[in-house]
Structures are given as C-alpha cells and as structure tokens.
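Have the model open in your viewer and keep the selection tool handy.

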Amino acid sequence: MIQSNENYVPENIETYWQSIWQKDKLYKTRSLKDKDNKFYALSMFPYPSGDLHMGHVRNYVITDVIARYKTMSGASVLHPMGWDAFGLPAENAAIDRGINPEEWTKKNIEQMKLQLQRLGLSIDWSREFATCDSSYYKWTQYIFLELYKSGLVYRQSAKVNWDPVDKTVLANEQVDSNGNSWRSGAKVIQKELNQWFLRITNFSENLLSDLEFLDHWPEKVKTMQENWINKSEGAYISFQIKNKSNKIKVFTTRPDTLSGVTYLALSIESPLIKEILDAEKSLLYNNLKQKLETLSKTRDINQTKHGFFTGSYALNPLNNEEIPIWIATYVISEYGTGSVMGVPAHDQRDYDFACQNNLPIKQVITNKESDITKKAYEGEGRLINSLNYNDLDNISAKSRIIQDGIQNNWAESKIQYRLRDWLISRQRYWGCPIPIIHCSKCGIVPEKIENLPIKLPKVENTDDLNLSNLKSNWINTTCPECSRKAKRETDTMDTFMCSSWYFLRFADPLNNNKPFDKDLINQWLPVDQYVGGIEHAILHLLYARFLTKALHSRNLIEIKEPFKRLLTQGMVLGTTYKNPKTEKYIPNHEIKDSKNPTDPSDGSKLKVLFEKMSKSKYNGIDPSLVIDKYGADTARMFILFKAPPEKDLEWDDSDLEGQFRFLSKIWKLSKKLNISNGSIYLINNFIYRDLNKNENQLRTIIHKTINNISEDFANGYQFNTAISELMKLSNFIIEIKDKCSTEIINHAFINLTIMLSPFAPHIAEEIWKSTGASTSVHLQEWPTHNEKYLVSDQFVLVIQINGKVRDNIKFENNIEEDRLKEIALKSNKIKKWLENKEIKRIIYVKNKLLNIVI
Ligand code: ANZ
Ligand code: ZN
C-alpha cells in the first residue's frame with residue numbers, strides 16, 4: 001500500500017496501481033457461458049505513429065468508462081486493443097532515417113502502449129495484436145483467398161496516380177494541386193496498371209438497405225454512407241448516331257426530361273470517340289486530352305467544363321430531333337455508361353456547360369418556381385414542349401416514357417449505384433502481401449493455404465521498398481498448380497483491408513488454425529459499442545460492413561452487421577492565435593498578453609480561435625505532460641466532463657484544474673472519514689434505521705444520484721452530467737456531514753467512490769482499498785437505486801390483505817393516519833377484495849405497511 005497521504009498525489013496512486021493491474025490481470029476477459037450477458041466494447045485501433053495525442057486519449061477513455069460501467073453492471077466485457085500497423089509513414093521513416101519499417105513500427109507500438117497504459121484503461125492486453133504480425137496477416141491473406149474463391153476478387157487494368165521517381169502509386173490525397181507528388185515533387189502521371197479489386201458493389205443494395213437496422217448509429221454517419229453508395233433509379237436510353245450504325249447509350253435519372261435534350265456528351269475516355277471523329281477533330285481531341293493531363297489533378301477540372309463538338313449528330317428517340325454530340329470533361333467515364341444526355345434546363349451541370357458553349361436550353365418541366373433564366377430548374381412539375389406527354393406530372397411521365405421506350409427498344413429500366421469496386425492493391429512494401437502467383441502457363445494462381453503466411457521479405461536497403469524491384473528469390477517461386485517457375489504478386493493490400501476484420505479476430509486472437517472460431521464469433525459479436533472518429537464514417541466503416549457481409553455469404557460468420565452501436569466522438573480543440581492579415585498561426589509561447597494577443601512580428605491583433613489540435617497550428621496539448629502534472633484521473637475527468645462524448649471539446653486549463661481540485665477534495669474527505677470496513681456500506685448491505693430529517697434527505701440524494709447516473713449511461717453516455725451528479729453528491733456530503741450519523745455518511749461516500757470508479761479508476765481504487773477491501777473496486781456491483789427513496793417527503797405504502805401484498809400507494813410523509821387508511825381502503829385494487837367482507841383488524845406500520853385482516 002502506498003503511503004497514506006493527506007494530499008492527493010496522483011503519481012503515487014497511479015504508479016502503484018499500474019503495477020498491481022499488471023500482476024492481477026484484473027481485466028482479463030471472462031470466458032462466456034450461455035446465459036451470460038456479454039458486452040463487447042471497442043475503440044478504433046490506432047496507427048502506431050509513436051505519439052499518443054489528445055484525440056486518442058478521448059477515444060479510449062470514453063470506451064473505457066463504458067467498459068468499466070458494463071463490467072460493474074454484471075456483463076462479461078470484452079475490451080481489447082491492437083495496432084493498425086501497416087502503412088506509409090513507416091516506409092517514409094525507413095527512407096528518412098534508414099530504419100527498417102518493422103523495427104520502427106515495433107518501437108512505436110512499445111512506446112504508445114506505455115502511454116496508453118498510463119491512462120488506466122481496462123484493456124485485456126492478452127488479446128493484443130498488430131496487423132503487421134505475420135500471425136495476424138496470415139489470416140488477412142486467408143480471407144483474401146476466401147473472397148477470391150467466391151469471385152469477390154478480380155484483377156483489372158485501371159488508371160492510377162503514378163509517381164515516376166518513387167515508382168509507386170499514390171493516393172489522390174498525396175498529389176498536390178499542381179499535379180506533383182507530395183514527396184518526390186515529380187509530376188505525377190496517370191498510368192494504366194493491373195490492379196486488384198474487391199467486388200464491394202455486389203453488396204451495394206445490402207449495404208444500403210441494412211443501414212435501416214443500425215438504429216444506434218449516428219444519423220450523420222448513415223447519411224454519409226447512403227450518399228456514398230448513392231442509389232439512383234432511372235433508365236438507359238439509346239440514341240441512334242446519325243448516318244452510323246452505332247447507338248449512344250446514356251444513363252439518366254430523369255427520362256421525363258427527354259424532350260429537353262439539346263446535346264449528348266461523351267466522356268473523354270469513351271470508346272465511341274474513335275468512330276465518330278474525323279482527322280481534324282482528332283487534333284482537337286488530342287489537345288483536350290493533353291490539357292486534361294495537366295489539369296487532372298487540380299480541382300479546376302470540375303469547375304470549368306471543358307469540351308468540344310464532335311461534328312456528329314444523334315437522334316432523339318422520342319421526337320427524332322437531331323442533337324449534337326459533344327465530348328465533355330465533366331462526364332465521368334466510370335459512372336453509368338460514360339455518356340450523358342444534356343438537359344440544360346433541368347440539370348445545373350448541363351446548364352453550366354450549355355452556357356459556356358452556347359448550346360440551346362429547352363424547358364420541358366414547368367411549375368410556379370421554374371424560372372430558368374439564371375439557373376436550371378431541377379424540381380418537379382408538369383411537362384411542356386413534350387408532344388403527347390404534355391400536361392402529365394413529371395413522375396408519371398417518367399414511368400410512361402420508360403414504358404414506351406422499353407416497347408420500342410430504346411430504353412431499359414436501370415438502378416445505378418455510385419459505389420465503385422474497392423481497389424486494394426498498393427505498390428508498396430509495408431503492407432500485407434497479396435497471396436497470388438503468376439504462372440506463364442496457368443495464369444493467376446492462388447497460393448496454397450498451407451503456404452500461408454506469405455511473409456514480407458526482410459529488406460536491407462530502401463530501394464527494396466518496392467517489392468517489384470526485389471531481385472531476391474522471394475519473387476521467384478514455383479506454381480502451386482504446375483510446379484513451373486513462377487513469380488509472386490508484388491502488390492500489397494490497402495491497409496483498410498487489414499482493419500476491416502480485426503474486430504473479429506479479437507474474439508479469438510490466438511487461433512492458429514483459422515482466422516477465428518465461428519462459435520466465439522457468435523458469442524462475442526457484434527461489437528456492442530464501437531467508438532471512433534467521424535473521419536472513418538465512410539471508408540473503414542463501409543469496408544468493415546462489406547467484409548462482414550462477404551464473410552457471412554461464405555458462411556464463415558452468422559452476423560450481418562459488425563457494429564451494433566456506434567459513437568463518433570467529437571474533436572479535441574485547442575486555442576489558436578491567427579494573424580488575420582498573414583493567415584499565419586502564432587505559437588502560444590510567442591504571445592505576451594493572452595488577453596490581448598498580438599503578433600510579435602508585425603504587431604497586428606490576433607484572432608483567437610478554437611481549432612482541432614495539430615502541430616501546424618501550435619495548439620496541441622501533450623497528454624503525457626498533463627498526466628505528469630495532474631495524473632491520469634484528472635485528465636480523464638476533464639475530458640469526460642467538459643463536453644458530451646459526441647461533441648467537440650475545447651481544451652481549457654482552468655477546467656482541468658477544477659477537476660484536479662475536485663479529486664483532491666474527495667481524497668481529503670476519504671482521509672477524514674477514515675472508513676474501516678467499506679463493504680458494510682454498500683447499497684445491498686446497508687440498512688437504514690431511524691433517519692432524522694437530514695439523513696432522510698441524504699438518502700434521497702444518494703438514490704437520486706444512482707438513478708441519474710445510471711440513466712446518463714443508458715441514454716447515450718452523458719458523462720458530463722454524470723460527473724456533475726458526483727460533484728453534487730460530494731458537496732452535499734461535506735455540507736451535511738456533521739448533522740448525520742457516521743454510518744449514513746460512510747454509506748454515501750462509499751457509493752460515491754464506487755460510482756466514481758469508471759471515471760477516475762486509480763483514486764477510486766485507492767480509497768476503496770484503504771477501507772480494508774480485499775477485492776478491486778472495479779469488481780464491485782454497480783449500485784441500484786430504490787424507487788421509494790427517490791422522493792424524501794414521500795413514501796410508498798405497501799398494502800396487504802391478510803398478509804398478501806395487493807397494492808402500493810405513494811403518500812406524503814406528513815399524511816394523517818386516518819386519511820391514509822381512508823385512501824388505502826378506497827383504492828380499486830383493494831376495494832375488490834373487501835366486497836362483502838368484514839374487516840377484522842387493520843395493522844399500520846408507520847410510513848411502510850398497512851395490513852388489512854378480513
Ligand atoms: C438527364 C438529366 C436531366 C439528368 C435532369 C439529371 C437531371 P445520380 O443521381 O448521381 O445517379 N450522369 C449520368 N452519367 C453520368 C456520368 N458518367 N458523368 C456525369 N454525369 C452523369 O446522377 C444521374 C444523372 O447524372 C443522370 O441523369 C445524368 O444526368 C448524369 F434534369 O440525365 B441526368
Ligand atoms: Zn502453373
């Protein structure tokens with residue numbers, strides 16, 4: 001036991017309990033039995049960058065409080081942690097510092113784990129893994145092959161951003177606005193490469209419609225996924241090219257506007273282009289293509305709608321009008337058919353294009369607001385200028401036109417999703433190798449399961465960071481089918497692939513025979529509470545949902561959705577000082593007067609803002625420094641108290657100190673009370689006897705606090721109000737201490753300690769142990785309130801007839817006995833028992849019981 005100290009010294013408490021927790025394995029997951037009430041609490045696992053930032057702290061502390069509360073409420077809790085450990089920064093570190101990516105990653109994991117453990121998280125570390133462990137990625141490869149078997153993996157040529165200096169594909173985010181690589185500075189080129197794809201689009205409809213079952217997900221996230229998948233119901237319409245045998249097929253969501261088409265537009269990649277351009281126009285085409293190559297990486301490509309007329313015409317199937325065929329950069333080659341029917345009057349993109357290129361605008365839908373002089377009218381209305389469809393409302397016109405088109409062979413109904421297949425290949429070293437072999441005879445051959453894992457080769461120098469540069473025998477292998485010499489696939493997988501199934505592995509992390517045992521998945525999954533940043537609303541959360549559905553379709557798991565509840569925590573914001581003239585951020589330490597901040601370089605008054613903590617804005621707060629000074633409990637309490645979990649949180653030193661004072665106050669109180677047998681004051685062990693008015697009031701406050709905090713947990717984890725309840729209770733204990741018996745004060749304080757423990761685990765444990773307890777505070781039962789104590793000036797009368805309970809009625813404490821009896825006898829539930837009966841006796845136990853003997 002640490003030195004008992006008058007003053008709260010956070011380091012003492014925390015270092016002491018860190019070591020005990022390690023020894024005790026207090027947080028080892030209980031194995032589940034049939035009837036167990038399970039709870040799987042999961043934080044999105046971190047990328048091991050080496051430094052824990054406040055965003056991490058907030059994420060993990062929120063999950064931890066939930067996990068601790070659920071444990072105390074009787075659930076068997078799974079609360080694991082791991083590392084999303086593959087990815088680019090490790091390679092960059094390797095290049096910059098000459099360290100092996102693996103070494104760098106392992107070192108960071110060690111360092112971050114120590115930082116995490118300082119927070120006092122109730123994590124079951126025996127389940128820890130990193131996605132770069134070959135014992136994990138063996139199963140990522142296995143899952144890849146499972147998907148391959150079910151036809152959900154394919155290889156296809158696609159255009160990608162290629163950095164010719166670094167010889168690698170870059171993500172769109174890694175190409176700057178001038179089209180240069182963020183690292184090498186080289187001009188990025190679009191290169192056609194064979195790439196691996198996962199057929200996520202097979203699940204478009206399920207991914208969309210199952211959102212409906214996720215009623216504990218933030219609406220915002222569901223809407224973002226919905227928009228990303230973007231289902232459109234419309235039709236294909238075919239336009240005959242004039243004097244040619246070919247047709248142009250377009251996808252449109254508005255067949256009702258067919259009479260308003262004033263041009264057709266092909267994407268720059270359209271295969272039809274070759275057929276319709278003459279020599280002169282081909283020159284124009286090549287110019288445009290070149291221009292696009294330079295523009296392609298700037299946002300400008302969307303704003304300015306470049307294009308030219310091909311010289312050819314097509315026929316509108318509805319009215320046989322001749323319409324010019326254009327080539328336009330705003331038409332996306334991978335969406336729909338890669339061709340568009342231009343209806344400037346009713347589509348803003350077409351309107352802009354028509355204005356820029358002097359194309360006619362023909363209105364075909366009308367209603368009160370349909371003024372098209374300045375912009376397109378995209379709403380509903382009645383048809384005009386549309387021959388025999390005139391006067392129809394546009395919804396019925398849409399289906400009529402589709403029907404007529406189907407009959408005459410120029411239309412087909414079509415549901416279209418914007419979601420594209422998932423390109424997972426990366427020409428990068430530090431990722432999970434794709435377990436495929438290329439054989440000159442057999443073609444693409446999957447690696448044999450018994451040969452997994454295909455381990456990454458050890459690299460000596462940074463040139464080898466692109467696997468296809470490797471000259472070693474890693475690349476050279478034999479074909480699993482024909483045993484000829486063959487070559488390994490040198491692409492690795494997108495790291496999102498590694499993170500799209502890790503939550504399954506936590507249920508069975510040590511399994512050497514398969515990725516996981518189905519029974520264990522059935523027991524633990526879905527994740528009951530997932531907590532993480534909103535930045536993953538689409539990518540990670542969509543991929544994880546997809547993989548769950550894909551594994552379900554292979555009958556490897558029974559769940560269809562991975563995460564039952566999702567909490568997206570708000571950002572942690574720090575104060576920034578910005579010079580409004582130069583737009584530059586000024587570091588805190590350069591500011592002399594924080595009330596009236598000015599820029600030391602030009603004296604201008606600075607704007608004071610709250611923005612997401614980041615190095616470039618000089619507004620980050622290092623969690624380690626905060627913990628060094630105040631202890632982990634204070635840091636936790638501040639973060640939980642300052643804002644509800646899903647809202648942004650503004651860092652504020654004085655609030656931090658406020659929490660430190662609160663904990664110190666509780667510590668001092670514990671020393672003063674000096675309770676020696678804590679467990680007799682627990683809610684289930686304590687009996688209230690002859691309470692005076694103050695004690696009565698205290699009892700009410702205790703039960704109200706329990707009730708309110710339990711409700712805060714149940715209703716979306718409102719930790720800030722829960723902590724303020726704890727503050728109220730502690731203040732009341734201090735205020736009323738001398739007017740109450742030691743017993744009830746101790747009872748109040750013990751309950752306070754128990755309820756404090758999920759929030760401030762170290763100090764609560766220390767206080768609890770100081771009362772002579774033999775087990776951890778974190779293994780105590782969460783207290784339950786008693787309804788009848790919630791209102792101090794009322795009580796619940798139990799009414800019996802011949803000793804059997806027949807009714808309960810609430811009364812004011814000061815009710816007269818006669819009046820009470822009168823009301824009790826008149827109660828409907830009682831009356832029916834008394835009909836035609838003679839009352840022999842009435843026994844009344846004051847403010848508790850009325851027994852009627854008949
Ligand atoms: C004619 C039209 C008239 C359209 C109108 C809209 C309004 P969503 O809803 O996102 O699926 N479109 C089709 N293929 C395209 C492509 N490859 N590149 C760019 N735009 C394309 O969008 C479907 C609409 O987007 C389609 O309906 C088409 O324009 C355009 F008053 O056809 B519409
Ligand atoms: Zn072969």
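Select β2, β1, β23 and β24: in this predicted model, these four strands form an open sheet in that order, with parallel pairing. Two strands count as paired if DSSP finds at least two bridges between them, and helices (H or I, at least four residues) and strands (E, at least two) are DSSP runs, numbered from the N terminus. At the edges you will find β2 (76–78) and β24 (566–569), each pairing on one side only. Neighbouring strands are turned by 20° against each other on average, direction ignored. Now pick out β23 (residues 529–533), which runs parallel to β24 and is joined to it by four bridges.

A word on conventions: residues are numbered from 1 along each chain as its sequence is written, and chains are lettered from A and ligands numbered from 1 in the order in which they are written. Local features need pLDDT of at least 70 and side-chain atom pairs count only at pLDDT 80 or more, while totals for chains, interfaces and linings use all residues; side-chain values use heavy atoms, with hydrogens and water left out.

Next, select helix α17 (residues 623–630). Which of its residues are buried? They are P623, S624, V626, I627 and Y630, where buried means under 20% relative accessible area, exposed over 50% and partly exposed in between (1.4 Å probe, protein chains only). These residues lie on the same side of α17, because they cover an arc of only 160° around the axis, taken from the directions from the helix axis to the C-beta atoms. After the helix comes G631, with a positive phi near 95°.

Move on to α18 (residues 632–642) and α21 (residues 719–736). They pack at about 115° with axes 6 Å apart; axes are lines fitted to C-alpha atoms, for helices over the stretch in contact, and angles run from 0 to 180 degrees between N-to-C directions. Show M637, L640 and F641 of α18, which meet F719, N720, I723, S724 and M727 of α21 (contact means heavy atoms within 4.5 Å).

Last stop: select β29, β28, β31 and β30, an open sheet of four strands in that order with mixed pairing. Strands β30 and β31 (residues 849–853) pair antiparallel over five bridges, and Y844 has L850 in β31 as its bridge partner.
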